[in-house]
Amino acid sequence: MYDRILVPTDGGDASLKVFAHAADIAARRDATVHVLYVVDDRAFLTLDDAMQSEAVEQLRAEGRGALSDAKQTFEAEGVTVETELRRGNPGEEILDYADESDVDLVVMGTRRGDFENSMLGSVSREVVTSADVPVLTVSLTDEE
């Protein structure tokens, strides 16, 4: 049922919690995990070309590091992993990748309290409401 699992990441430490859920599902089903990092360049569109290029390259470097860390994490769990770095609107890129790669499940983190209020406009909400496949959201909200 789940042969290809997409795990979008922003490279934050909280991603490890998402990775644990995805690795558990993948290991039980001998599935491949696809880790995606999207450089969100929308905030830099008003900068001049040189500044925009520098800012985006810094984010690309962070993305490459995040993907490398994710790959090591999944491989340590015995899970086959593929990685990809993209640039654009994160929600759109996640949905496009899911379609292009024929994934069966998306596993992603979300910082939420009240789902309706705090997810309005977020990447998680966009993916949950628009994906053609099931989406497992893992709460990254600090538990007190």
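**Exercise 1.** Determine how many bridges join strand 1 to strand 2, and which residue of strand 2 partners Leu 6.

Solution. Strand 1 covers residues 4-9 and strand 2 covers residues 32-39. Strands here are DSSP runs of E with at least two residues, and helices are runs of H or I with at least four, numbered from the N terminus. The two strands run parallel and are joined by six bridges. Leu 6 has His 34 as its bridge partner in strand 2.

This is a predicted model, in which local features need pLDDT of at least 70, side-chain atom pairs count only at pLDDT 80 or more, and totals for chains, interfaces and linings use all residues. Residues are numbered from 1 along each chain as its sequence is written, and side-chain values use heavy atoms, without hydrogens and water.

**Exercise 2.** State whether Thr 9 is buried or exposed, and list its contacts.

Solution. Thr 9 belongs to strand 1. Its relative accessible area is 9%, and buried means under 20% with a 1.4 Å probe, protein chains only; Thr 9 is therefore buried. Beyond neighbours within four places in sequence, Thr 9 contacts (heavy atoms within 4.5 Å) Ser 15, Phe 19, Val 35, Leu 36 and Tyr 37.

Terms used: Pairing = 2+ DSSP bridges. Buried < 20%, exposed > 50% of the residue type's maximum accessible area, 1.4 Å probe, protein only.
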